[in-house]
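Please look at the sequence and the structure below before reading on.

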Amino acid sequence: MNWFIDTFRTSLGKKLLMAVTGLGFLGFIIVHLLGNLTLYAGHEGVFNAYVAKLHQYEALILVAEIGLFALAVIHVTTGLLLFLANRSARSVRYAVTKSGGGRTVGSATMPYTGLAILLFVILHLSNFTFADVTDRTMYDVVAATFSSWIYIIVYVAAVVAVAIHVRHGFWSLFQTIGLNHEKYMPALRAISVALAVILGVGFGLIPIYIGIIV
Amino acid sequence: MSTKTITLTLKVWRQNRSRKKGGFEIYTARDISTDMSFLEMLDVVNEDLVLSGKEPIAFDHDCREGICGMCGAVVDGQAHGPLKETTLCQLHMRHFKNGDTVVIEPWRARAFPVVKDLVVDRSAFDKIIAAGGYISAKTGGAQDANNILVGKEVADKAFNAAACIGCGACVAACPNASAMLFVGAKISHLGLLPQGRPEAKTRVQSMIRAMDRLGFGNCSNETECEAQCPKSISIREIARMNREFVKASFS
Amino acid sequence: MLSDSKVPAGPLADKWDRHRFELKLVNPANRKKYDIIVVGTGLAGASAAASLGELGYNVKNFCIQDSPRRAHSIAAQGGINAAKNYSNDGDSTWRLFYDTIKGGDFRAREANVYRLAQLSENIIDQCVAQGVPFARDYGGLLDNRSFGGAQVARTFYARGQTGQQLLLGAYSALMRQVSTGKVTIYPRREMLDVVIVDGKARGIVARNLVTGEIESHAAHAVVLATGGYGNAYFLSTNAMSCNVTAAFRAYRKGALFANPCFTQIHPTCIPVHGIHQSKLTLMSESLRNDGRVWVPKTPGDKRRPEDIPESERDYYLERKYPSFGNLVPRDVASRNAKEQCDQGKGVGETGLAVYLDFADAIQRDGKDVIEAKYGNLFEMYEKITDENPYETPMRIYPAVHYTMGGLWVDYNLMTNIDGLFAIGEANFSDHGANRLGASALMQGLADGYFVVPYTMGGYLASNPMEGVDTSHKAFDASRKEVSDQVSRLLSINGKQTVTQFHRRLGKILWDYCGIVRDDAGLKKALEDIRALKEEFHKDVNVPGDGGDFNQNLENAGRVADFMELAELMVTDAFYRKESCGCHLNAAYLTEDNEPLRDDKNFAVVAAWKYTGYGNEPEYYEEPLIFENVALTQRSYK
């Protein structure tokens, strides 16, 4: 196992961890969106039915949750280690910095959007996953949360952060695992944008839809 | 070629060899012909400094043809200045306007300590190459050159990577001071050629570890290296290195 | 008389083989007992250091730049010759040998040149094995092109960056030896003296350019691979740090300097633009494969090139040399460009340029083909001049590029000082009075990979020597001499900068010891140089101190040596009462205005010995004996 640990001690090994765990999150978040689309159904029954269905697979969910938690630990700690290493690699900063055209909002803010997402996830879990649903439905919890302006703003902002993170993270993970080919990279970059928009709009409209429109 | 002259204000990083800290000094570059190169402009400023009894600005330079990789400074926030695919020595003053203020800083990276003023120590790059950036071909032991067939496409790709001049602009431009473009270019160059395959596995492993040891940052795919590389080395070389690393580590 | 060139007897083709057999060998187990210093990390230095390290010697390798990869070999564009005959167009070792000897106007040693032609093939094999990405055809075989002065396609190339790729190959071989511990690199060091103990070169004194420290390094032999001295002219295509100091300090210690006046002036450079120009940029002469050189027929014609009709253009190279046309050797092309400009037909703002026109080639082959061949050169031209050569002809003018002269060496590439070797451009050996295109890379690598590793063994095995370390009094004396010079330069405190002096020196050499020379001019040059030298030592201003990174101080030392070298160059040019190759004395011309050799009196190597500061050098002569080629009048008509 020495070789295994040794591999992930290197800078590239850590990058690989980021890429693979990031991909895991992306898979999760897409499934999460698909489920949440039931909120747009127009009446609460559909969403509550989806929640009920989900709870039939208790064991599976537990496994998924443990998996996600592990992913989070790896993604966050590795990300932090890389972030700190990168900062110390340039001990004296430039007086003037100007992009040569490579940087994007996404690439420049990965650690920050990442951190914002982490904080949001904690909030989100306490809002919903650990919410008390003994005498109300999950839909009630959602509706109650988004009756507050503050929650609407926080959720929309967080979703924007996710979109920005994914916009850079998606094509970037392919680059990191070594899949960059002039034929396919333009498509991967386009998918990055598409994913960001889909996730952003899909999740971002939920608070607005539930809180304001319904 | 329409020659005219311009006058610029320079904010130049000055740092004594013995001191850890430096600071900016302001100079005026007068009557600079727009046909001059950036380094010739610095020559003029330095001649004035010498004649007025001051110490000239130290900067590295050698071939002044854009190939040796010796020159380089961050000019107005960009490695080798504002012109794409151009080393500082090939940047001509026609790209500046009369009255401009130009900020000139050395490459900044922990792995490239400042020697003096704009001069930095890039020996870390040599150490990375010594870690495996070669093909072990004994002098005299080679077979006939045409016994190794290399398709034109592959040869061209290898050349694109081999065009790296080792100037360090990628490190300077990278927000993380990462050397992955430099390392990726060498690994690609050698790894693409059939001659380089036998050592591909050990090469990528030891070069990456050397790079890590020397205190360079990590790649976060900001692609500033590619954007500011004077030889437009592509980040595909980094991807190829990553691929080689995955192959080498898990097989 | 200097006769001991140690050229082995026997038929030309067998000499090297036989010599290698006759050279004594150092037992592999004993090699680690020998330390060798190699100064310079260009093609010659890096390949020598790598190969010697691989054989098992302990090598210390010095370079002036921050990394061995920066040496100026890196800027060679066009290619490297080899007699592989991959093009099936009649090339052979003999033809490469003959072309080189003839191209050098019969002023090189036959045996050395033949060996170079023989080794050329091994070089290509070696470089390919190292991963040099030479140009290939679609089937995967190596591609060749023809180059100035040759009628066969024997030049191997890697786009317009052959020198870079070859140097990176040698550099990688070098770094491999660094990783094994057999070679240690000393970057940012400038060799300032060679230390001689009991008549043998036993070390060097170098200045650490970062700390200013004067360091001593002892060894069993010293190899100088320190390049040429074209920068004596101030403006040249050489890199800024190219200098003669290492070779010149060896000369001061008694090494002979051979043919110092043989300076190659390259015909295709970007013309000078202004007084602050720091160096000239070469445009590979491969451009002459497709570009056509011309000037307007009428002197003073200031029309734009596009407005000058075909009938009013003079394609003078094609007119005068119908069989070689634009591909005549460098000296011929340079001389003709100057002649046209002297007649007032020069173009551009300064009138010191001729056109190199690609319009016909673009029309014939299409822009894509031309771009594939010369794209990077065209870009470079446009970057510098702000003109697009796809649309308007390039303007070119000759510039100092390479020096055929250098330290005198025997067949073993050893100078007349035992244990002091000189390889690559630093020696005089293989190019005679004119070097053919794509031959410098070949010579550098042949010397470093395949000659010095053998002859070094021969020297060490047949010269048992005592151990010497840097505490020896010879090192003390050298160190003192060097630090005295440093303090002297710093204490002058005059009013003129080093560059101002250098520029003036360059102008004297260019005007009187450049493309065309004559006795009156050379005499004047000698006086002017001496006066300038005096002025320099009274009025130069070198700021800063010696214990620091001080680029002005480095330069001052180099320019001081250039001044003395310039005297030697002019003296040599004055001595050689003939025209040959690059050395054109206006008094010695054929009826066709071509250089007129005097084979009876000057088929010789003129070697000079230092006799003290300000004294006339002593003349030594090595007769050149041609047993295998007939000395003909070079004709490219």
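This is a predicted model: local features need pLDDT of at least 70, side-chain atom pairs count only at pLDDT 80 or more; totals for chains, interfaces and linings use all residues.

Trainee: Which two chains have the most contacts among the pairs that touch?

Mentor: Chain A and chain C do not touch, and their nearest C-alpha atoms are 19 Å apart. The contact of chain A with chain B takes 37 residues from chain A and 38 residues from chain B. Between the other two chains, 68 residues of chain C are in contact with 69 residues of chain B. Of the two pairs of chains that touch, the one with the most contacts is chains B and C.

Trainee: Which element gives the most to the side of chain C that touches chain B?

Mentor: The elements that give two or more residues to that side are α2 (43-55), α4 (110-130), α5 (162-180), α10 (367-385), α11 and α15 (551-575) of chain C. By class, the residues of this side of chain C divide into 27 nonpolar, 27 polar and 14 charged. The element that gives the most, with nine residues, is α5(C).

Trainee: How many residues of the side of chain A that touches chain B are charged?

Mentor: Two or more residues each come from α2 (11-36), α4 (58-89), α5 (105-129) and α7 (149-176) of chain A. The residues of that side include 13 nonpolar and 17 polar, and the number that are charged is seven.

Trainee: How far apart do the C-alpha centres of domain 1 and domain 2 of chain B lie?

Mentor: Chain B has eight helices and seven strands, and its C-alpha trace spans about 60 × 45 × 35 Å along its principal axes. The chain is divided into domain 1 (5-115) and domain 2 (123-250). In the contact between them, 18 residues of domain 1 of chain B meet 16 residues of domain 2 of chain B. The two C-alpha centres lie apart by 29 Å.

Trainee: What percentage of contacts in chain B between residues at least 6 apart in sequence join residues at least 24 apart?

Mentor: Chain B has 251 residues, and buried residues make up 64% of them. For contacts in chain B between residues at least 6 apart in sequence, the share that joins residues at least 24 apart is 71%.

Trainee: Which strands are the edge strands of the five-stranded open sheet in chain C?

Mentor: The order of this parallel sheet is β6-β2-β1-β10-β18 (chain C), and the twist averages 20 degrees from one strand to the next. Strand β2 (residues 58-62) of chain C is joined to β6(C) by four bridges, and K60(C) stands opposite T184(C). An edge strand pairs on one side only, and those that do so here are β6 (183-186) and β18 (420-422) of chain C.

Trainee: What angle does the direction of helix α11 of chain C make with that of β10(C)?

Mentor: Helix α11 (residues 440-462) of chain C packs on the sheet and touches β1 (35-39), β10 (221-224) and β18 of chain C. Relative to β10(C), the direction of the helix makes an angle of about 155 degrees.

Trainee: Why is strand β7 of chain C described as largely enclosed by the rest of the structure?

Mentor: Eight bridges join β7(C) to the antiparallel strand β8 (residues 200-208) of chain C, and A206(C) is the bridge partner of M191(C). The hairpin has two residues between the strands, and D198(C) takes a positive phi near 50 degrees. Strand β7 (residues 189-197) of chain C is largely enclosed because, of its nine residues, the number buried is eight.

How values were computed: Residues are numbered from 1 along each chain as its sequence is written. Chains are lettered from A and ligands numbered from 1 in the order in which they are written. Two strands pair if DSSP finds at least two bridges between them. Axes are lines fitted to C-alpha atoms, for helices over the stretch in contact, and angles run from 0 to 180 degrees between N-to-C directions. Two residues are in contact if their C-beta atoms, placed from the backbone, lie within 7 Å. Domain bounds come from an automatic or database domain assignment. Ala, Val, Leu, Ile, Met, Phe, Trp, Tyr, Cys and Pro count as nonpolar, Asp, Glu, Lys and Arg as charged, and the others, Gly among them, as polar. A residue is buried if 20 or more other C-beta atoms lie within 10 Å of its own, exposed if 12 or fewer, and partly exposed in between; C-beta atoms are placed from the backbone.
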